[in-house]
Amino acid sequence: MRTTTKLIALLILSAGVMTALLISTRPISATGGAQQGRGKGSEGKGNDRDQPPPVYNPYPPGILPAGLDSEIARVLREIDVIEGRAIERWHSLPPPTRLPQRPGPNPPVLQGTGTESIETLGELMLFDKNMSPGRNQACTSCHMPYAGWSGPIPSVNLTIIAYPGTVHFRAGKRTAQRHTYAPFFPVLQYNQEQGLFFGGNFWDSRATGYRLRNPDAEQAQGPPVDTQEMGFPDTACVAFRLSQAVYKPLFEVLWGKDSLDIKFPPDTEEICETPGGASVFGGDPEPIKLTPEERTEADTVYDHWGASIDAYEQSVQVSNFTSKFDAFLKSNYTMTPDEMAGFQLFNGKGNCNSCHVDGRGTTLQPGQVDTSTTATANPPVFTCFGSANEGLPLNPRNAFYYQTTPDSFGFIGNPYGFGYRDLGMGTFLRSGFGSGPNPNRNWIQFAPMVDGQFQVATTRNVAMTPPQCPTTEAGTGKPYFQKEFFHNGYIKSLKQLVHFYNTRDTSFAYPVTSGHCPPGTIERVTCWPMKEVPNNLDTTTGMLGLTDTEENQIVAFLETLTDGFTAPYPNSDTFTGACMTCNPSTDPNCSPSREGNGELIPTPPLPPCASAICGVAPLPSPPIP
């Protein structure tokens with residue numbers, strides 16, 4: 001019976017994959033979905049859907065990378081492979097045991113395979129591209145295992161920073177954060193004694209965990225209704241699509257057999273085919289008209305969506321402590337001399353451990369040697385769970401700045417253009433444009449003290465790449481996988497990252513914008529453009545006095561934090577794209593120091609920060625130009 005069920009499920013999946021391959025590489029049509037259903041008869045609707053779908057392209061030449069459509073299609077094929085593996089795993093699991101209820105304490109725990117079941121459910125959700133209006137965007141379109149659960153398209157990492165959503169080519173404004181170890185971040189709290197915020201998820205910590213008490217679960221609730229990403233117009237669309245999912249039986253085992261029995265209106269499919277932000281909705285965040293009881297049921301399903309995805313991200317398939325460093329802690333790996341030197345610099349002269357905490361001391365006096373040890377019972381996550389402003393320059397490559405005109409749905413991604421400034425947590429505390437609502441009125445007063453601050457990401461898996469592209473660094477004689485670092489992707493290699501921390505506030509700092517470094521200087525090497533947000537600058541970095549060799553040694557240590565050393569990393573073998581290569585003898589930018597400089601573009605003259613961003617009380621102090 002199990003074999004028959006498994007074959008049926010795989011046939012269903014295969015049919016879905018074939019259908020998806022026919023439509024997934026195309027952007028969603030502006031003439032489809034709710035717009036046509038409400039404005040035209042059924043005859044016109046069928047004809048409209050046969051028309052070539054329009055593409056949103058407000059970008060000047062040279063902004064979008066070449067071959068973007070084919071790269072998106074490549075990632076979707078890889079997603080299908082991993083989803084197929086997850087479905088096989090689901091059908092190979094013995095069903096969990098639901099114990100009979102009896103008097104006395106007896107919580108409804110599913111015995112046996114309950115843990116594996118909810119983790120597998122979360123994986124199936126994470127790789128389900130049906131969770132978008134165009135059925136062409138999964139959570140993992142922006143977060144793939146082989147890239148450390150960050151951006152899987154090297155050309156996007158090199159250029160437009162954020163990933164195109166269900167509508168091609170809408171895109172957000174920030175890099176795709178790594179999923180690994182994100183579940184370890186606590187609920188966002190303000191520490192009164194330290195005067196600092198700790199916790200939350202997303203770069204600006206807007207997934208606070210205030211209601212579910214789980215920031216990672218709340219983070220998973222963001223992308224499905226983000227207009228620039230998966231783009232549903234209503235959270236209830238997730239419940240609607242789950243009710244049609246191949247893995248619906250697994251959801252019902254875990255969350256109740258009637259959990260998806262919601263009476264959706266007849267126009268639900270048309271609504272869910274239309275991206276969020278479409279003018280047809282008139283700004284209505286709940287265009288699916290459910291009864292209050294049904295809306296509550298759909299909201300509950302959405303909470304289960306977040307909790308299930310968190311279960312998978314917290315599992316050993318994603319956050320598994322299998323790096324060289326973890327083996328080193330158990331005396332099962334001996335670091336190379338450069339790795340060990342980098343480790344000592346990380347905890348000493350480099351001062352990295354002040355924020356990327358591993359449990360050891362960092363303050364050393366001249367002549368002292370760090371003799372502290374790292375606890376092995378609770379491996380370090382290499383973050384303080386806080387936020388900081390590292391003073392990154394504004395990145396004119398960011399596609400978000402150019403989305404100033406309506407797309408074919410009447411949606412404008414960024415009406416402020418280059419008047420936009422990313423204030424990070426400061427914008428969130430003000431419930432401002434491009435962030436989310438702040439659920440705690442007591443935090444609003446602290447907005448000026450966190451302007452420009454972004455989450456201190458874990459350094460674990462910062463260097464993870466596909467096996468066939470063994471490094472992030474260009475010009476090392478190895479094929480490399482182009483990544484991007486920090487919230488706005490300005491930094492293109494680990495070498496640049498460490499060099500930036502080391503020299504940001506030295507004579508390399510110039511009062512210019514990116515693309516305008518003075519003659520005789522090299523951007524990212526001997527010239528750092530001015531900071532996008534100069535307020536609340538982290539001064540533990542910027543002038544560290546590291547030598548070039550010491551910078552490289554810290555990079556060597558960062559590379560020991562990649563999972564997959566003591567055991568194969570799950571699904572890291574699915575990359576089917578091309579690694580990057582370059583020749584130092586013919587390409588002056590073929591080096592970790594100058595990586596990405598061939599794609600630098602000049603920042604246009606910047607208007608003042610838009611009042612809708614920098615003019616919201618409590619005002620930034622000092623004012624942001």
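Is Cys352 buried or exposed, and which cysteines are joined in disulfides?

Guide: Happy to! This is a predicted model, where local features need pLDDT of at least 70, side-chain atom pairs count only at pLDDT 80 or more, and totals for chains, interfaces and linings use all residues. Residues are numbered from 1 along each chain as its sequence is written, and side-chain values use heavy atoms, with hydrogens and water left out.

Cys352 is buried, with a relative accessible area of 17% (buried means under 20%, exposed over 50%, partly exposed in between, with a 1.4 Å probe and protein chains only). Its sulfur lies 9.3 Å from the closest cysteine sulfur, in Cys355, too far for a bond; a disulfide is a pair of cysteine sulfur atoms within 2.5 Å.

The whole structure holds 5 disulfides. One of them joins Cys237 to Cys272, with 2.2 Å from S to S. The torsion about this S-S bond is about -95°, so the disulfide is left-handed. Both Cys237 and Cys272 are buried.

Another disulfide links Cys469 and Cys579, S to S 2.0 Å, and is left-handed too, with -85° about the S-S bond. Here Cys469 is buried at a relative accessible area of 0%, whereas Cys579 is partly exposed at 23%.

Cys609 and Cys614 are also joined, S to S 1.9 Å. The torsion about their S-S bond is about 80°, so this disulfide is right-handed. Cys609 is buried at 11% relative accessible area, and Cys614 is buried at 12%.
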